[in-house]
Amino acid sequence: MDAIKVGATWVSFVSGLSGEDKQDIQDCLLYAEMCADSGGFEGFAWLSHYQSTLLTLGFNLQSYIVDRPLLVLDIRQVEEYAVEISGVQSTQGLAQSLGEVFDAMPIRQDALNYLRHPVENAQTRHYQCVPCEKTREGHVIVFVCGLALSCQRVRARGRTHDVYLNAKGGAFVLNRTIYARHRAQVYEAIRQAAAHMISVIDI
């Protein structure tokens, strides 16, 4: 499985994608991240702006991740965490890739640190993984999965802190006709930044 890190996003290419497909996906994801960063957004507001940018570029949302926050009491809950999908676009082909990218990210260790050494002030760490594939019908599917791991002080049932894990995002299908009208704008915006924000990773 091919995998790269585009800015802060871990991207994997499952099957069927051409070199042009991969380059277009990288460019769009990097552009969306730059737009979200420039707006000064945080948390899932950042992810919402990120996804809104993708919609503008011609990515049509077909399925979405159901909001299902998990109260983490044991590290095994993080290891077994799975997202729930609702919508019309099947993502079965991306499920295994999502799990492999998830395992490669430092979420488990970060959750363990929160459980063992809670922070004084509320804190949230964000992770983003995006497995992609091309279907037999020729559709380019980009599955954006944004995860948030948060730790905050509470006074409940003997606990002093709550640690939550939650995911948001969904499966997008790229409309190449629409994206063609934006390609030059996207390329120009990332031309200088791309060399410093993309690196190869092993999964």
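**Salt bridges and accessibility**

The side chains of Lys-134 and Asp-21 form a salt bridge, with an N to O distance of 3.1 Å. The model is predicted: local features need pLDDT of at least 70, side-chain atom pairs count only at pLDDT 80 or more, and totals for chains, interfaces and linings use all residues. Residues are numbered from 1 along each chain as its sequence is written, and side-chain values use heavy atoms, with hydrogens and water left out.

Q: Why is the contact between Lys-134 and Asp-21 called a salt bridge?
A: The term requires a side-chain nitrogen of Lys or Arg within 4 Å of a carboxyl oxygen of Asp or Glu. The N to O distance for Lys-134 and Asp-21 is 3.1 Å, so the pair qualifies.

Q: Which elements hold Lys-134 and Asp-21?
A: Lys-134 lies in strand β6 (residues 123–134) and Asp-21 in helix α1 (residues 19–38), 113 residues apart. Helices (H or I, at least four residues) and strands (E, at least two) are DSSP runs, numbered from the N terminus.

Q: What makes Asp-21 buried or exposed?
A: Buried means under 20% relative accessible area, exposed over 50%, and partly exposed in between (1.4 Å probe, protein chains only). Asp-21 has 2% and is therefore buried, whereas Lys-134, at 27%, is partly exposed.

Q: Why is Arg-76 called exposed?
A: Its relative accessible area is 53%, so Arg-76 falls in the exposed class. Its salt-bridge partner is Asp-74, which counts as partly exposed at 30%.
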